[in-house]
Amino acid sequence: MQSEATVAMATPIPTDTFNLGFIGAGKMAESIAKGVVMSGVLPASRIRTAVYDDDSRGEVFSSFGVKLFDTNKEVVEDSNVIIFSVKPQVVKDVVLQLKPVLSKKKLLVSIAAGTNLSELQEWAGHGRFIRVMPNTPAAVGEAASVMSLGKTATKEDGELVATLFGAIGKIWTADEKLFDAITGLSGSGPAYIFLAIDAMADGGVAAGLPRDLALGLASQTVLGAASMAIKTGKHPGQLKDDVASPGGTTIAGIHELEKGGFRGILMNAIVAAAKRGRELSQN
Ligand SMILES: NC(=O)C1=CN([C@@H]2O[C@H](COP(=O)(O)OP(=O)(O)OC[C@H]3O[C@@H](n4cnc5c(N)ncnc54)[C@H](OP(=O)(O)O)[C@@H]3O)[C@@H](O)[C@H]2O)C=CC1
Ligand SMILES: O=C(O)[C@@H]1CCC=N1
């Protein structure tokens, strides 16, 4: 069966005339902004956001050179591409408030979970909108992102977003109907893996290792396993078999994981997160 997702094409950004604005200076916006700056695709001086409520968020952004405004309106007016990075529960109000300045000259992007393009386009008053589901490893250039183009977003708009998000990791294009599942897998997924790293380190400590060594080994083991799955292209089941010697240590560990329902638990977590995404879209 052909995959419904494709790796997106990228295009260069004219850095001397281009500004990127974030509406919502939260954790995901910070990860994207840091990743973009680190990649060199856009300098921090070309990124904008506004201080809202909590001044410490503004300080985080200004600490790496992002330009701060007092209002969201100024961010929109001074940006070519605007990324809505507020919580799904407030995105409608925020887009509606900004509608008078959201002209078709602005390419709009939303990263909000459970918020459909049809609604975003209606609130903004036009369809030059792209929905993206990124994840926080953007901050270290290892995001897994997926985008879906709105009604009047052009191929060039898609390529521009692919450049931005391609600079901070990998980006695919997929049908919007897959977005809740994508959110449950890659959007939320880093949290599951952080839990796994923490638990593996705890296991190492329980088995007698010092904490620092246990955490370093757990993190590097996850990184190495992911890198192997990507670089070899081998099925993870084959890679697992290559680690597990007959009557050895690994199969003893795997036996415990299987008794505890490890695979079923991970599958359930992703299905539950996808379901929550669907619920958010129905609110
Ligand atoms: N975190 C993640 O891993 C991922 C998040 N997302 C999506 O990204 C979006 C942001 O998530 P996240 O960064 O985690 O959330 P945060 O709560 O960290 O960020 C949202 C920010 O928006 C601010 N805010 C609230 N109302 C307004 C407003 N009217 N104008 C400007 N700013 C406002 C909030 O301030 P205050 O706290 O003071 O209200 C907060 O700083 C969500 O829609 C989420 O679904 C997508 C993929 C991954
Ligand atoms: O937890 C959330 O709702 C957001 C969306 C994906 C990751 N974080």
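Visitor: How far apart are the end C-alpha atoms of residues 176–280, and what is the span made of?
Guide: The end C-alpha atoms lie 15 Å apart. The span is 83% helix and 0% strand. Helices (H or I, at least four residues) and strands (E, at least two) are DSSP runs, numbered from the N terminus.

Visitor: And what kind of model is this?
Guide: A predicted one: local features need pLDDT of at least 70, side-chain atom pairs count only at pLDDT 80 or more, and totals for chains, interfaces and linings use all residues. Residues are numbered from 1 along each chain as its sequence is written, while chains are lettered from A and ligands numbered from 1 in the order in which they are written.

Visitor: What does UniProt list for 176–280?
Guide: An unreviewed entry gives "domain: Pyrroline-5-carboxylate reductase dimerisation" there. UniProt positions follow the numbering used here, feature names are shortened, and annotations may be inferred rather than shown by experiment.

Visitor: How is the protein chain divided?
Guide: Into domain 1 (5–179) and domain 2 (189–282). Those bounds come from an automatic or database domain assignment. The C-alpha centres of the two domains lie 31 Å apart.

Visitor: How many residues are in contact between domain 1 and domain 2?
Guide: Eight residues of domain 1 contact six of domain 2. Contact means C-beta atoms, placed from the backbone, within 7 Å. On domain 1, the side that touches domain 2 has three nonpolar, five polar and no charged residues. Nonpolar covers Ala, Val, Leu, Ile, Met, Phe, Trp, Tyr, Cys and Pro; charged covers Asp, Glu, Lys and Arg; the others, Gly among them, are polar.

Visitor: Switching to ligands. Which residues are closest to ligand 1?
Guide: Gly-24, Gly-26, Asp-53, Ala-112 and Ala-113, out of 26 that surround ligand 1. A residue is near if its C-beta atom, placed from the backbone, lies within 6 Å of the molecule or strand in question. By class, the shell has 14 nonpolar, seven polar and five charged residues. H1 and helix H4 (88–98) each supply at least two of the shell's residues.

Visitor: What's around ligand 2?
Guide: Ala-113, Thr-183, Gly-187 and Ser-188. That shell has one nonpolar, three polar and no charged residues.

Visitor: Where does UniProt place the "binding site"?
Guide: At Ile-23, Gly-24, Ala-25, Gly-26, Lys-27 and Met-28, in an unreviewed entry. Ile-23 sits in strand S2 (residues 20–23). Lys-27 belongs to helix H1 (residues 27–39).

Visitor: Why does Ile-23 count as buried?
Guide: Because Ile-23 has 27 C-beta neighbours inside 10 Å. Buried means 20 or more other C-beta atoms within 10 Å of the residue's own, exposed 12 or fewer, partly exposed in between, with C-beta atoms placed from the backbone. Lys-27 has 13 such neighbours, so Lys-27 counts as partly exposed.

Visitor: Which residues have the most contacts inside the largest nonpolar core?
Guide: Val-36, Phe-84 and Val-109, in a core of 63 residues. H1 gives the largest share of this core, six residues. Such a core is a set of buried Ala, Val, Leu, Ile, Met, Phe, Trp, Tyr and Cys residues joined through C-beta atoms within 7 Å.

Visitor: What is Val-36 in contact with?
Guide: Val-41, Leu-42, Ile-47, Leu-164, Ala-167 and Ile-168, leaving aside neighbours within four places in sequence.

How values were computed:
Two residues are in contact if their C-beta atoms, placed from the backbone, lie within 7 Å.
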